[in-house]
Amino acid sequence: MNYLIDILLIALGAALINNFVLYYFVGICPFIGVSRHVGMAVGMGAAVTFVITIAAFISWTITTFVLMPGAPLTRLAASLFMPAEAAARVDLTILSYIVYIFAISSSVQFVEMYVRRFFPLLYKAFGVFLPLITTNCAILFACLTIMSHVVGAENPADRWDLGRALTLAFFGGVGFTIAIVIMAGIREELELCDVPKPFRGAAITLIVGGILAMAFMGFTGVDSGLRKAMTAQPAVAETTTTVPVETSPQLKSRMQPLDAQPSSTPAEDAASIRMEGSWVG
């Protein structure tokens, strides 16, 4: 159950709450350059989602089995040249940037070949922006985020598995698609508006992007609220038990109501009056 909650919160956070474009401000280049028309924006969003998912799969696999300290393949190869204890401490995370860029570029090359073969019109519409997905910092940001949750986890049980990594990557691409499609729809409407000359082009686009970022801030705190709601423990009914308490005969006599107490005789009343009068005298 906790695993499914983590998957749901990662997906919701990557798509809406911590949107790559509108929260972390990565991937701004295609966000501005390919958001003139909704059709192009949808195609770019689909391409980025595919590339970021493939790159996340490759980066998680290489990080887990090669780069991180104690990775099995690295430890096996290093044990041929050094003692086993030293081989278990080999850390190749310094090569993460180079490895991730190669993974991203190979994924982009595959997408470019596919789009050019089956969607030539869309390939011409993308122009130079399709190869520029290689330098899209949103994809590299997703790979580095996955690495931080794999290598940077202090407790081995908290390390991200492949399911969490792919969830972040895929829904990060979905969030990118949502942001760029919304921007494309707004820019199509802006073409019919009388925008002041100094604000035309990238200026009004950045202003609209800032407004969208403030709008998406309304999702802040939704993930923590959902986590509390889904992990709340059911309330346990409290049962009260009465413990019998033994009382002394004197206390029982004091606790009796006035009607139950024995009334005094007239002779006793007269004697008490004479005694009170003697004290007064």
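1. The UniProt record, an unreviewed entry, carries the annotation "transmembrane region" for residues 7-26, 38-67, 88-108, 128-153, 165-186 and 198-220; UniProt positions are given here in the numbering of this chain, feature names are shortened, and such annotations may be inferred rather than shown by experiment. The structure is a predicted model, in which local features need pLDDT of at least 70 and side-chain atom pairs count only at pLDDT 80 or more, while totals for chains, interfaces and linings use all residues. Residues are numbered from 1 along each chain as its sequence is written, and side-chain values use heavy atoms, with hydrogens and water left out.

2. Two of the annotated stretches can be described directly from the model. Over residues 38-67 the chain is 100% helix and 0% strand, with 40 Å between the end C-alpha atoms. Residues 165-186 are likewise 100% helix and 0% strand, and here the end C-alpha atoms lie 32 Å apart.

3. As to the fold, the chain has 13 helices and 0 strands, where helices (H or I, at least four residues) and strands (E, at least two) are DSSP runs numbered from the N terminus. Among contacts between residues at least 6 apart in sequence, 75% join residues at least 24 apart, a contact being heavy atoms within 4.5 Å.

4. Of the 281 residues in the chain, 33% are buried; buried means under 20% relative accessible area, exposed over 50%, and partly exposed in between, with a 1.4 Å probe and protein chains only. The accessible surface of the chain comes to about 17600 Å², and 68% of this surface belongs to carbon and sulfur atoms; such areas come from the Shrake-Rupley method with a 1.4 Å probe, and for residues only the protein chains shown count as cover.

5. The largest pocket has a volume of about 390 Å³, and of the 16 residues that line this pocket, Leu9, Ile10, Asn18, His149 and Trp160 lie nearest its centre. Helix H1 (2-17), helix H8 (137-151) and helix H11 (222-230) are the elements that give two or more residues to the lining, and H1 provides the largest share, 5 residues. The lining divides into 8 nonpolar, 5 polar and 3 charged residues, where Ala, Val, Leu, Ile, Met, Phe, Trp, Tyr, Cys and Pro count as nonpolar, Asp, Glu, Lys and Arg as charged, and the others, Gly among them, as polar. A pocket is found on a 1 Å grid over the protein atoms alone, as an open set of points where a 1.4 Å probe fits, with protein on both sides within 12 Å along at least five of seven lines, and lining residues have an atom within 4 Å of a point. Grid points are joined across faces, edges and corners, and a volume is the space filled by probe spheres set on the points.

6. The second largest pocket holds about 170 Å³ of space, and its lining includes Arg36, Arg187, Glu191 and Arg200. Helix H9 (162-190) and helix H10 (202-216) are the elements that give two or more residues to this lining, which divides into 4 nonpolar, 2 polar and 4 charged residues.

7. The loop between H1 and H2 deserves attention at two positions. Asn19 lies in this loop and is buried, at 1% relative accessibility. Leaving aside residues up to four places away in sequence, Asn19 touches Gly13, Ala14, Tyr24, Gly175, Phe176, Ala179 and Phe216; Phe176 is 157 residues from Asn19 in sequence, yet the two are 7.2 Å apart in space, C-alpha to C-alpha. Phe25, placed in the loop between H1 and helix H2 (28-33), has a phi near 55°, a positive value in a residue other than glycine. Most residues other than glycine have a negative phi.

8. Which residues does Ser107 touch, not counting residues up to four places away in sequence? They are Val51, Ile54, Ala55 and Ile58. Ser107 is found in helix H6 (residues 96-118) and is buried, with a relative accessible area of 3%.

9. Ile94, in the loop between helix H5 (84-88) and H6, is exposed, with a relative accessible area of 71%, and its C-alpha atom is separated by 8.2 Å from that of Leu67, 27 residues apart along the chain. Ala202, in helix H10, counts as partly exposed at 44% relative accessibility; Ala202 and Ile32 are 170 residues apart in sequence and 7.2 Å apart in space, C-alpha to C-alpha.
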